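The following note sets out points that a colleague may wish to check against the coordinates.

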Amino acid sequence: MSNAVTLIIVAIVILLAGGLGWFVAQLRTQKRLAELATTLELERKAAQEKLAGLEQNFIALSQRALKENNAAFLQLAQESLKQFHVQAKGDLELKEKAVENLIKPVREALEKAEQQIRLMENERKEAYGSLTRHLETMVQTQQLLQGETRNLVQALRRPEVRGQWGEMTLKRLAELAGMVEHCDFYEQENTDTEAGRMRPDMIVRMPDGREIVVDVKTPLDAYLSAVEASDDETRRKHLEHHARKVRERVRELSSKAYWTQFKSAPDFVILFIPGDQFLGAALDMDRSLLEDALKQKVILTTPTSFVALLRAVAYGWRQESLTANAEHIRDVGEELYGRLMTFSEHLVKLGRSLNSTVADYNRTVGSFETKLLPGARKFSEMGVGGGDKALAEPEQIDKAVRDIQPG
């Protein structure tokens, strides 16, 4: 037990001795390192001071060398620049002249273009002003037209105005076709019947005493409402109503049976609608309207078709007039021929009397030349006479009167 303790104590002492030696060595090492660090720091400072001095010397030397070099360089550069400036000035003047000669046509062209542009600009301003005034006038005209259109629409919604408009259109078309009033047609002619007084708007007289009865209908309320409609569905409904109104007018006119009241009228009546667009709109909505009207002995017409009908009637009247005039021309021709015969007889008698007169004249001239003129010349030879004037010697007439040849 004591040996073991002893060994432990010995080991501890050895360890402590070794650690102390290591510690002493470490202290020595740190001291040496501190001395070396101090020496290194001093040498570094000395080197820095030396380096700073060298830098100052280098900067001073550099500045002096640079100053000397700059002075020489500047002097050399000034001389070179002076020579270059003189040469460049001469070259610049030549180039300026060359460029001036080169750009002179361009400058003149640009000046002309500028004048033209200025002129165009003035014209554009004038045209723009004129266009502005024209547009203002168009706007005023459009506003006036819209107002007049509204007034016309309001007026056409009144039945009496529509009737007068239709009758006036009918009269104008008749005049255009050559069927003037109280000549080939008669307006608003009336006839009394058992059902009351029938009043067609026009009766067109035809040759051979035939008559065509015309009645004007202007169902426009629904059509005008369709024109003013703001959507397609409303417009379609109004147009359907318009087609129904036209069909009702056809039925009403057919029930009057004008062909039974006017003996010289054919078995149909003309229903005149004063506008192709009104009938066209009704036919678009009611395809069978035209056929049904014909079955009811009603012929639907518009200004286009009605004026063609009137022109056909006017042509018939012209043919009738030519036929009537042919008889009159024959009578006048016979009378003229009789007068020509009488005149030709008188002309023949006059020619005969002229021939006998010429023969008597020639015999008288011959007697004058043979019986009287020789004795008168003897008076002249004996100094008896009228001075220098000589007797005139009449000449005989050799031309004969032309005989009338029978044709």
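1. Handedness of the pairing of helices 3 and 4. In this predicted model, helix 3 passes helix 4 in a left-handed crossing. The residues in contact are Ala222, Tyr223, Ser225 and Ala226 on the side of helix 3, and Arg235, His238, Leu239, His241 and His242 on the side of helix 4. Sorted by class, this contact comprises four nonpolar, four polar and one charged residues.

2. Two packed helices are described by the angle between their axes and the distance between the axes. Helix 3 spans residues 221–228 and helix 4 spans residues 232–256; their axes come within 8 Å and cross at roughly 165°. Helix 3 is therefore roughly antiparallel to helix 4, since an angle over 145 degrees counts as such.

3. Overall composition. The protein chain contains eight helices and seven strands. What share of the 407 residues counts as buried? The figure is 20%. Among contacts between residues at least 6 apart in sequence, 67% join residues at least 24 apart.

4. Packing of helix 4 on helix 6. Helix 4 also meets helix 6, and here the axes come within 8 Å and cross at roughly 105°. Helix 4 is thus roughly perpendicular to helix 6. From helix 4, the contact involves Arg236, Leu239, Glu240, His242, Ala243 and Val246; from helix 6, it involves Phe278, Ala281, Ala282 and Met285. By class, the residues of this contact are seven nonpolar, one polar and two charged.

5. Arg247 forms a salt bridge with Asp292, the closest N and O atoms being 3.0 Å apart. Arg247 belongs to helix 4 and Asp292 to helix 7 (residues 289–295), so this pair ties together parts that are 45 residues apart in sequence. Arg247 is partly exposed, its relative accessible area being 22%.

6. Other salt bridges. A search of the whole structure gives 16 salt bridges. Lys245, Glu248, Arg249 and Glu252 are linked in a network of such bridges. Glu211 is paired with Arg205, and the closest N and O atoms of this pair are 1.8 Å apart. Glu211 counts as buried, at 11% relative accessibility.

7. Where does Gly275 lie? Gly275 is placed in the loop between strand 6 (269–272) and helix 6 (276–285). With a relative accessible area of 6%, Gly275 is buried. Beyond its neighbours within four places in sequence, Gly275 is in contact with Thr302 and Pro303. The C-alpha atoms of Gly275 and Thr304 are separated by 8.7 Å, and these two residues are 29 apart along the chain.

8. Surroundings of Thr301. Thr301 is part of strand 7 (residues 298–301). This threonine is buried, with a relative accessible area of 5%. Residues up to four places away in sequence aside, Thr301 touches Ile270, Leu271, Phe272, Ile273 and Phe306.

9. Backbone angles to check. Most residues other than glycine have a negative phi, and most peptide bonds are trans. Which loop holds Ala257? Ala257 is in the loop between helix 4 and helix 5 (258–261). Its phi is near 50°, a positive value in a residue other than glycine, and Ala257 counts as buried at 16% relative accessibility. Lys297 lies in the loop between helix 7 and strand 7. Phi of Lys297 is near 65°, likewise positive in a residue other than glycine, and Lys297 is partly exposed at 35% relative accessibility.

Methods:
Residues are numbered from 1 along each chain as its sequence is written. This is a predicted model: local features need pLDDT of at least 70, side-chain atom pairs count only at pLDDT 80 or more; totals for chains, interfaces and linings use all residues. Side-chain values use heavy atoms; hydrogens and water are left out. Axes are lines fitted to C-alpha atoms, for helices over the stretch in contact, and angles run from 0 to 180 degrees between N-to-C directions. Helices (H or I, at least four residues) and strands (E, at least two) are DSSP runs, numbered from the N terminus. Angles under 35 degrees count as roughly parallel, over 145 as roughly antiparallel, 65 to 115 as roughly perpendicular and the rest as oblique. A crossing is left-handed if the near helix is turned anticlockwise from the far one by less than a right angle, and right-handed if clockwise. Contact means heavy atoms within 4.5 Å. Ala, Val, Leu, Ile, Met, Phe, Trp, Tyr, Cys and Pro count as nonpolar, Asp, Glu, Lys and Arg as charged, and the others, Gly among them, as polar. Buried means under 20% relative accessible area, exposed over 50%, partly exposed in between (1.4 Å probe, protein chains only). A salt bridge is a side-chain nitrogen of Lys or Arg within 4 Å of a carboxyl oxygen of Asp or Glu.
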